[in-house]
Structures are given as structure tokens and as C-alpha cells.
Amino acid sequence: MGVLMSRRQTVERVQKVSLAVSAFKDGLREQPSTRRRAEAGTARQGTLEQEVQEGEEEALAGPSQPEESSASKAAWERLRDGRGVEPEEFDRANRFTPPAFIRPKRELHDDEPPDISLEQREQILNDEMCEICEVWTAESLFPCRICHRVYHDGCLRRMGYLQKDSAVEVTETAHTETGWSCYYCDNLNLLLTEEEMYSLMETLRNCKIIPESCLTLDDFLHYKHQVHKQQFERTMPEAQEEQAALQFNALDPDKKGHIEWQDFLSHESIQLLQKIRPQNALLRLLTPKERERARAAFLALDQDNDGFIGEGECRQARHSWFRKHQKEMVSCNVSISHVGPISEGSPASSRNGKSPEKILPATKQEETRNIDWPGFLRENVAYILAARPNSAALHLQPLA
């Protein structure tokens with residue numbers, strides 16, 4: 001008779017296996033090339049051509065190359081596994097083992113339109129126990145504004161996902177209308193399948209992008225020019241270059257002159273999703289909280305309740321609600337089941353004062369085109385997904 005393991009026991013077993021595998025991989029990395037060459041010579045399996053090639057590679061590499069290649073290899077592995085940048089100063093002795101992220105897989109029915117009703121509201125329920133330690137302590141739990149997971153701040157620290165600088169920010173925003181995204185939802189790169197991730201990594205390698213590095217405006221424009229030339233075999237138009245410069249400014253809200261690696265990676269991930277997947281497949285990525293917030297936004301804009309809104313109103317929602325919200329939003333007493341930000345046109349948001357951005361007036365052509373609920377979702381799904389990260393950067397700049 002089999003023994004059923006609890007979720008906690010399963011996690012502990014996976015953590016032990018992960019530690020063993022990591023130690024084994026570290027041992028392989030530390031083995032010098034001379035040892036590998038000696039073992040190959042003892043087994044009499046190496047050829048003269050292989051030995052000559054290895055000697056030439058070592059001569060070209062130089063004395064400092066092994067350390068650089070090891071660090072670069074580790075960065076590419078973190079990129080492939082979706083782990084992000086490893087925290088530098090951290091007490092790893094008391095650290096929980098980070099989870100092994102499993103990338104999603106495309107299903108056969110992904111391209112079919114999902115059934116997301118406007119009239120049928122969804123009940124939003126969060127987990128009652130911490131995702132990490134599985135302990136219930138009510139008010140001390142931090143809910144994610146995107147998914148159903150909740151966390152303890154202490155567990156997040158031991159996982160390495162909550163550093164000193166971000167601890168206060170998470171505490172202040174987790175129970176506000178702005179909300180806080182957990183480390184699953186904060187990383188848009190985890191939406192990519194393995195095939196899509198390898199495609200992105202190949203593009204980054206071909207364009208000489210170094211993982212976990214910051215990009216200046218010149219770096220960003222050079223990368224965009226290379227990607228455009230590889231894809232279309234022609235120079236990128238000037239208008240498209242101006243749009244890329246605007247996107248860089250959106251990714252650098254603090255005007256530091258460079259964009260962080262995680263913001264760049266999130267931007268490229270959402271761009272790849274738009275290119276590869278149809279809108280119906282993107283709609284299936286929305287969580288119940290995101291769908292419920294989209295309903296509230298559409299109903300607030302549909303003043304006459306005829307099921308249609310103008311294109312100008314749709315663009316207004318894209319610029320105001322689907323964008324990032326200002327960090328200076330007033331804190332409020334919100335239950336764990338709160339669904340997060342709401343539309344600017346709703347009565348609740350009118351109490352927050354001025355809007356974060358001045359909305360451009362709609363043209364006559366925009367006012368004549370009506371958009372129904374399914375069309376509203378299709379045209380805004382990419383912006384809803386791009387609003388997931390906690391960063392103040394706009395990972396998808398709405399067009400004017």
C-alpha cells in the first residue's frame with residue numbers, strides 16, 4: 001500500500017534533490033580542462049584534431065577567460081530557468097531553496113476564443129495559507145494582486161525575493177489599491193514556453209546582449225536595429241526608431257540613463273508573446289483577478305449599458321488604468337480577497353484625486369468605431385499582462 005506524501009514533504013524532497021543536483025553541477029564546473037583532457041587520453045577516445053582544437057581555444061581564451069565564461073554561463077542558465085538575478089549580499093545558510101520554475105506548454109485549444117462573459121462575475125478567493133511555509137496567520141499574509149497566492153514577509157526574505165530596500169515597499173503596497181505582485185507574476189519571462197525562451201535567448205546571443213546587464217539608450221537602439229535587420233533584412237525606419245526611443249523612456253521612469261535588466265527582459269518577453277501567440281492564446285493567460293478588473297473597467301466606460309464603448313474610451317482605459325499606477329496612492333484597508341486596481345472611470349477611483357496621466361482627446365474617427373467586450377479584451381490583453389511587474393517602468397508603452 002503506497003504512502004501519500006503531504007505537499008510539505010514533497011517540497012522538502014524536491015529541495016534536497018535540487019541541492020544535490022546543484023552541488024553536482026558546481027563540481028563539474030570546477031573541473032579544469034586539463035583533467036578532462038587527461039581522462040579523454042586515458043580512455044583513448046580523443047582524436048588529434050580535437051586535441052589541437054582544444055589547445056587553440058585555450059590559447060585564445062587567455063588566463064582570465066575561464067572565470068568570465070563561468071559567470072556568463074551561470075547568467076545564461078538563470079535566464080533559461082527564469083530565476084532572474086541572484087541576490088548579492090544574502091545569508092544563504094538560512095535560505096529556503098528557490099522553487100524550480102516550470103515553464104508553461106501550449107495546448108491544442110489555446111488558439112480558440114475563451115469564454116469570458118461580461119455579465120457573469122467571478123468570485124475572487126485567495127489562498128488561506130502562505131505559499132512557502134503553508135502556515136495560516138491571517139493579517140500578516142501579503143496577497144498577490146494578480147494570482148491567488150499569499151505570503152509571509154519572513155518567508156519571502158528567506159527565499160531571497162524580499163531584500164531590505166523592497167521590504168518596506170511591499171508592506172505598504174500589498175494592501176493598497178496598487179497591490180503587489182508575487183515573484184511568479186512579477187516575472188513576465190515565466191510566461192514563455194521553453195521553445196519561446198530558446199528563441200529569445202538566440203536573439204540575445206546574436207545581438208551580443210550580456211545577461212543581467214543594464215542597457216543605455218544607444219545599446220537599446222542598436223539592439224532594436226539588429227533585431228529588425230535580422231527579421232526583415234532592411235534598415236529600421238526612422239519612425240520606428242523614434243518609437244523605440246519612447247519605449248526606452250518608458251522603461252526608464254527615473255531618468256537614470258539606462259534600463260535595468262529585468263525591465264528589459266520583461267519588455268522583450270511581452271513583445272515576443274505578441275509576435276508569436278494569437279490574442280486568444282494571450283487571453284487564456286489572464287487570471288480571474290485580471291478578468292474581474294477588466295470587467296469593472298469596461299462597465300465603468302459603458303455609460304449607456306448597451307455593451308459597446310468608443311475607441312477613444314478604450315484608448316483612455318489603456319493609458320490610465322492598464323498603465324502603471326503611481327506609487328503615491330493612498331493606503332486603504334483592503335481585505336485579502338481585494339482584486340487590485342480599478343478603472344479610473346469607476347466611482348471608487350474618483351476619490352484618488354488627479355489621474356496619473358493626461359488623456360489625449362479622442363478623434364472623430366475613434367468616436368465612431370464601437371468596441372464590444374470581446375474586442376475590448378483582445379485589444380488590451382497585452383497591456384494587462386505588461387502591467388503585472390512591480391517595477392515602475394512601463395513594459396509596453398501605449399500608443400498615443
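Okay, let's start with Lys208, which is exposed at a relative accessible area of 69% (exposed is over 50%, buried under 20%, partly exposed in between, with a 1.4 Å probe and protein chains only). Before I go on, a word on the source: this is a predicted model, where local features need pLDDT of at least 70 and side-chain atom pairs count only at pLDDT 80 or more, while totals for chains, interfaces and linings use all residues. Residues are numbered from 1 along each chain as its sequence is written, and side-chain values use heavy atoms, with hydrogens and water left out.

Back to Lys208. You'll find that lysine in the loop between helix 7 (194–206) and strand 3 (215–216). Helices here are DSSP runs of H or I with at least four residues, strands are runs of E with at least two, and both are numbered from the N terminus. As background, most residues other than glycine have a negative phi.

Asn305 goes on the list too: its phi is positive, about 60°, and it is not a glycine either. Asn305 sits in the loop between helix 12 (288–301) and strand 5 (308–310), and is exposed, with a relative accessible area of 63%.

Arg149 lies in the loop between strand 1 (142–143) and strand 2 (150–151). What does Arg149 touch, leaving aside neighbours within four places in sequence? Asp127, Glu131, Phe142, Pro143, Cys144, Cys182 and Tyr184, where contact means heavy atoms within 4.5 Å.

Next up, a helix pair. The axes of helix 13 (residues 311–320) and helix 15 (residues 373–386) come within 10 Å and cross at roughly 20°; axes are lines fitted to C-alpha atoms over the stretch in contact, with angles from 0 to 180 degrees between N-to-C directions. So helix 13 and helix 15 are roughly parallel to each other, a label for angles under 35 degrees. Helix 13 brings Cys314, Ala317 and Arg318 to the contact, and helix 15 brings Phe376, Glu379, Asn380 and Tyr383.

Zooming out, the protein has 15 helices and 6 strands. Of its 400 residues, 38% are buried. Take contacts between residues at least 6 apart in sequence: 75% of them join residues at least 24 apart. Finally, the protein exposes about 23800 Å², and carbon and sulfur atoms supply 52% of that, by the Shrake-Rupley method with a 1.4 Å probe.

Notes. Angles under 35 degrees count as roughly parallel, over 145 as roughly antiparallel, 65 to 115 as roughly perpendicular and the rest as oblique.
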